[in-house]
Structure formats: C-alpha cells, structure tokens
Amino acid sequence: MTLFALTLLKRACGRLKTSLFTRLSPILLTAGSLLVLPAYGADEAAQMKQGKSLFTSAAPPCAICHTLKDAGSEGAVGPVLDEIKPDSARVAKALLNGLGNMPSYKAILTEVQIAALARYVSRASGGEKN
Ligand code: HEC
C-alpha cells in the first residue's frame, strides 16, 4: 500500500517537473531576449549619437560639404545625402577611399568611428531602415 502510494507520488512529481519546465521555458526564453534586446538597442543608439556628432566634428567635418537634414547641415560641395540615400557600405567605402574632391578619412578616423558614421548617415538619410 505504501509502495503503491510512493509510486503514485513519484509519477506525479515527474509529471509536475516536466510540465513546470514546459511552462517555464517560454517565459525564460522571453525574459532572456528581453535582457538582450535593450542592450542591442543601446549600442545602436550610442553609435547613432557618435555618428551624428562626428558628422559636424570630424576634421574636416562632413557638414561643410554635405547637406543632411537630420544633422542640420547645408554644405553644397558634395551630393545632398538626403537625396542619394547611401547605404552604410557606400558611406564606409567613401570614407575609407575618398572620392573625387572628398578626402579619405582612413588616417583620420578609427574603424569604430567610420562604422558609427556609416550607420548614422545611412539611417538619417533614409538609405537604410534599421
Ligand atoms: C571637402 C568636401 C567633403 C567633405 C569634408 C566630405 N565629403 Fe563626402 N563627398 C564630397 C564630394 C565632392 C563627393 C562626390 C564625389 C564624386 O562623386 O566625385 C562626396 C561623396 C560622398 C558620398 C557618396 C559616395 C558615393 O559612393 O557616391 C558619401 C556617402 C559621403 N560623401 C559622405 C561623407 C561623410 C560621411 C563625410 C564626413 C566624414 C564626408 N562625406 C566629408 C565632398 C566631401
């Protein structure tokens, strides 16, 4: 009789464990991704902020040659960035190699700064959505 009760109890426990796990795992997964997402968003926001500030502070500043509404610049030497809407790869390439009258920033900016500018200019001009 006791043995029978014990077996029943054991089975119930086993079932409880499985169902608890199946019930909890989506919650744990959601909690996990919620922890990761804000960190990713914060990184992106920091990169956008750095890019925007470099747009007017790099030497020479992009703003003296380019119009970009988001940065409040009205330079007219190079193309209007809101019109050509470059994606980030196109911005990075122009920054690394220079183009026509545009100087190369390879020796002026770090890789991290170039990545931040590429992200900022492509997002702010509408060349890339996210
Ligand atoms: C001295 C003026 C000058 C400065 C400073 C300058 N650019 Fe340019 N930029 C130009 C000119 C001129 C072109 C067009 C070159 C051509 O097509 O011959 C150009 C082209 C570009 C293009 C388009 C590239 C392509 O593939 O068509 C992008 C994007 C760009 N510049 C971004 C920037 C950013 C970001 C900065 C600041 C880090 C910057 N530029 C600084 C003059 C400048």
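**Entry 1: the overall chain**

I started with a count and found four helices and two strands in the protein chain. The model I am reading is a predicted one. Following the sequence, I read the pattern α-β-β-α-α-α. I then looked up burial. Of the 130 residues in the protein chain, 18% are buried. I also checked how far apart in sequence the contacting residues are. I took contacts between residues at least 6 apart, and 54% of them join residues at least 24 apart.

**Entry 2: Thr56**

I picked Thr56, which sits in helix H1 (residues 2-57). Why does Thr56 count as partly exposed? I found 14 C-beta neighbours inside 10 Å of Thr56. A buried residue needs 20 or more and an exposed one has 12 or fewer, so Thr56 falls in between.

Next I listed what Thr56 touches. Leaving out residues up to four places away in sequence, I noted Pro61, Ala63, Ala71 and Ser73. Thr56 and Ser73 are 17 residues apart along the chain, and their C-alpha atoms are separated by 8.2 Å.

**Entry 3: around the ligand**

I turned to the ligand. Which of the 22 residues around the ligand come nearest? I wrote down Cys62, Cys65, Gly78, Gly100 and Met102. I sorted the shell by class and got 17 nonpolar, four polar and one charged residues.

I then asked which helices take part. Helix H3 (88-97) and helix H4 (111-125) each supply at least two residues of the shell. H3 gives the most, with four residues.

**Entry 4: helix H3**

I stayed with H3 and looked for its buried residues. They are Val91, Ala92, Ala94 and Leu95. Seen down the axis of H3, these residues fall within an arc of 160 degrees, so they line one face of the helix. I noted a general point here. An α-helix has 3.6 residues a turn, so residues three or four places apart point the same way.

What do the buried residues of H3 pack against? My entry for that is H4. On the face of H3 turned away from the buried side I found the exposed residues Ala89 and Asn97. Just after H3 comes Gly98, with a positive phi of about 75 degrees.

**Entry 5: helix H4**

I checked the length of H4 next. H4 has 15 residues and reaches 21 Å from its first C-alpha to its last. That is close to the 21 Å expected at 1.5 Å a residue.

Then I listed the buried residues of H4. They are Ile114, Ala116, Leu117, Ala118, Tyr120, Val121, Ser122, Arg123, Ala124 and Ser125. Just after H4, I found Gly126 with a positive phi of about 90 degrees.

**Entry 6: the nonpolar core**

Last, I looked up the largest nonpolar core, which has 18 residues. Which of them touch the most other members? I recorded Phe55, Val91, Leu95, Leu117, Ala118 and Val121. H1, H3 and H4 each supply at least two residues of this core. H4 gives the most to the core, with seven residues.

Setting aside neighbours within four places in sequence, I found Val121 in contact with Gly51, Leu68, Leu81, Pro86 and Val91. Val91 is also one of the buried residues of H3, and the buried residues of H3 pack against H4.

How values were computed: Residues numbered from 1 in each chain as written. Predicted model: local features only at pLDDT ≥ 70, side-chain atom pairs only at ≥ 80, totals over all residues. Contact = placed C-beta atoms within 7 Å. Near = placed C-beta within 6 Å. Nonpolar A, V, L, I, M, F, W, Y, C, P; charged D, E, K, R; others polar. Arc of directions from axis to C-beta. Core = buried A, V, L, I, M, F, W, Y, C linked by C-beta atoms within 7 Å. Expected span 1.5 Å × (residues − 1).
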